[in-house]
Amino acid sequence: MTTPVQLVWFKRDLRVADHPALAEAAARGPVLPLYIVEPELWAEPDMAGRHWAFIAESLAELRGELAALGQPLIVRMGDAVAVLEAFRRAPGIAALWSHQETGNGWTFARDRRIGAWARQHGLPWHEPVQGGVVRRLATRDGWAKRFDAFMAEPVRKAPTLPPLTVIDPGPIPTAGDLGLAPDPCPERQEGGRAAGTALLESFLTDRARPYQRAMSAPGPGATHCSRLSPHLAWGTVSIREVVQATWRRQRVIKESGERGFAGALRSFNGRLHWRDHFMQKLEDAPRIEWKEMHPKMAALDRQSDAARLDAFAAGETGLPFVDACMRSLRATGWMNFRMRAMLQAVASYHLWLPWRESGLILARLFTDYEPGIHWSQVQMQSGTTGINTIRIYNPVKQGWDQDPDGSFTRRWVPELAAVPDKDLHEPWRWEGTGGLRYPPPIVDHLAAARAAKEKVYALRRGKAFREASDRIQARHGSRRSGIASTGRKSRDTRQMSLDLPS
């Protein structure tokens with residue numbers, strides 16, 4: 001090869017359809033599509049084998065799709081700067097293309113290094129957007145309108161790619177190649193665009209019908225939630241494709257008079273907005289991956305406790321519904337959003353664990369780990385944002401409310417098979433509890449909740465706290481959430497975090 005190429009660096013955008021970076025690069029010259037496997041990233045504490053398994057499946061499918069367009073995907077493993085420098089030297093890079101990424105702190109630092117490298121060599125680096133997150137956002141005013149305007153733009157078609165002189169495509173590494181620990185997830189969702197588009201179709205035409213009432217419970221939610229979250233997180237489908245498909249389905253329903261879907265799709269469309277709303281928080285303040293959003297909340301005396309953290313991670317807390325959710329998550333890589341919120345809240349309030357420690361465990365277990373959503377939500381459910389209503393879930397009540405027949409809990413906590421239905425979510429009340437191969441609760445959940453509430457609200461008093469909360473709300477708060485500024489009663493204190501796609 002003698003002609004410099006338009007190098008398209010795939011990151012969290014593993015598709016060819018509605019891929020603005022690919023489409024714009026192809027309009028300017030021959031394209032070299034590249035995915036860089038970065039061992040240092042996979043050594044980070046928030047990354048796990050289930051993430052890579054999903055990505056590897058998606059890369060294999062993406063390679064085939066790109067080959068059908070004319071040029072297969074090139075995969076290289078190593079430091080991104082070193083890999084890109086090798087291509088700059090031969091065959092040469094006319095321009096670098098990749099979508100803007102709101103990733104973890106490691107990817108943020110890596111992108112800064114790439115930017116410095118590109119400037120050093122006078123190399124243009126184009127980073128078109130692929131969603132509603134806005135880089136260097138000055139104010140949240142008008143954000144929702146900008147989101148809607150972007151989603152209404154035409155979906156970009158996959159371009160034809162002229163084949164390049166033979167370049168070794170390179171192998172797709174295994175988890176072992178990356179040094180990842182074994183991460184069994186027997187019911188993990190399949191990666192790749194075909195699986196994502198099939199989920200979208202089945203959700204919009206069938207599974208969404210009971211969405212509004214089913215999404216709060218882990219059992220029904222597994223069927224009737226969209227299950228698109230890992231495909232959105234790793235980019236096998238674009239959020240714009242999902243939004244526009246939802247709009248089209250809404251028009252069909254309205255015109256045909258079909259019953260049972262209107263409310264479900266209206267709710268789902270709102271959750272697509274909230275997905276990017278929460279990602280915007282991390283884009284605007286990368287530090288919230290490590291530091292409390294409200295500085296006063298750093299004074300909470302949450303303590304590391306290896307025994308409690310291990311029990312939480314293993315689903316061995318002695319709180320049946322919590323343990324059932326955790327074990328289900330370990331086996332499937334997915335959990336409905338309300339139960340995700342409960343798990344984080346139990347870890348932060350009842351077990352009084354540092355939010356970053358429990359947040360890392362959940363990050364590794366979620367196949368759909370999206371740093372922008374995850375760390376914003378971990379802080380929200382841990383009470384450290386200073387602008388959201390404190391919500392301390394009663395894990396026993398949640399069990400009765402979300403698993404009233406006990407089928408979900410019995411499936412994932414088989415040690416409780418002998419416990420009568422009336423005692424399932426509180427087995428310590430049963431006279432036969434001493435014979436169970438199941439641990440007693442590691443905390444008194446009612447007493448722990450009271451103690452946590454007292455400590456959290458003690459820090460939320462005073463003018464200085466409210467003034468800091470107002471600044472955070474002005475920077476990060478939704479203009480639709482109704483969260484009040486100092487001295488004004490909130491019109492709406494609902495947990496808007498529940499409005500996320502899953």
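Does Asp 18 count as buried or exposed, and at what relative accessibility? Asp 18 counts as buried, at 1% relative accessibility. Buried means under 20% relative accessible area, exposed over 50%, and partly exposed in between (1.4 Å probe, protein chains only). The model is predicted: local features need pLDDT of at least 70, side-chain atom pairs count only at pLDDT 80 or more, and totals for chains, interfaces and linings use all residues. Residues are numbered from 1 along each chain as its sequence is written, and side-chain values use heavy atoms, with hydrogens and water left out.

**Confidence**
- The average pLDDT of the chain is 94, and 95% of the residues score at least 70. pLDDT is the predictor's confidence in each residue, from 0 to 100.
- Residues 481-499 stay under 50 in pLDDT. For this stretch the model has 38 contacts beyond four places in sequence. Contact means heavy atoms within 4.5 Å.

**Overall fold**
- The chain has 21 helices and five strands. Helices (H or I, at least four residues) and strands (E, at least two) are DSSP runs, numbered from the N terminus.
- The radius of gyration is 24 Å, close to the 23 Å that the globule rule gives for 502 residues, so the chain is as compact as a globular protein of that length. The radius is taken over C-alpha atoms, and the rule is 2.2 Å times the number of residues to the power 0.38.
- Along the principal axes, the C-alpha atoms fill a box of roughly 80 × 55 × 50 Å.
- Of the contacts with a separation of 6 or more, 79% join residues 24 or more positions apart.

**Burial and cores**
- Buried residues make up 59% of the 502 residues.
- The accessible surface comes to about 20,600 Å², and carbon and sulfur atoms hold 53% of that area. Areas come from the Shrake-Rupley method with a 1.4 Å probe; for residues, only the protein chains shown count as cover.
- In soluble globular proteins, nonpolar side chains tend to be buried together.
- The largest nonpolar core has 84 residues. Phe 10, Tyr 35, Trp 52, Leu 66, Met 342 and Leu 343 have the most contacts inside this core. A nonpolar core is a set of buried Ala, Val, Leu, Ile, Met, Phe, Trp, Tyr and Cys residues joined through side-chain atoms within 4.5 Å.
- A second, separate core of 28 residues includes Phe 150, Phe 203, Cys 225 and Trp 334.
- Beyond four places in sequence, Leu 66 touches several residues, including Phe 10, Val 16, Leu 22 and Leu 161.

- Helix H3 (residues 49-69) has 21 residues and should span 30 Å at 1.5 Å a residue; its end C-alpha atoms are 30 Å apart, which agrees. The expected span is 1.5 Å times one less than the number of residues.
- Gly 70 follows H3, with a positive phi near 135°.
- Helix H12 (residues 262-284) has 23 residues and should span 33 Å; its end C-alpha atoms are 34 Å apart, which agrees. In H12, 20 of the 23 residues are buried.

**Backbone and loops**
- Most residues other than glycine have a negative phi, and most peptide bonds are trans.
- Asp 18 has a positive phi of about 45° although it is not a glycine. Asp 18 lies in the loop between strand S1 (5-10) and helix H1 (20-26).
- Arg 136 also has a positive phi, near 55°. Arg 136 sits in the loop between strand S5 (125-126) and helix H6 (143-152), and counts as exposed at 74% relative accessibility.
- Ala 138 lies in the loop between S5 and H6. Ala 138 is exposed, with a relative accessible area of 72%.
- A cis peptide bond joins Ala 90 and Pro 91, with omega about 15°. Pro 91 is in the loop between helix H4 (80-89) and strand S4 (93-97).
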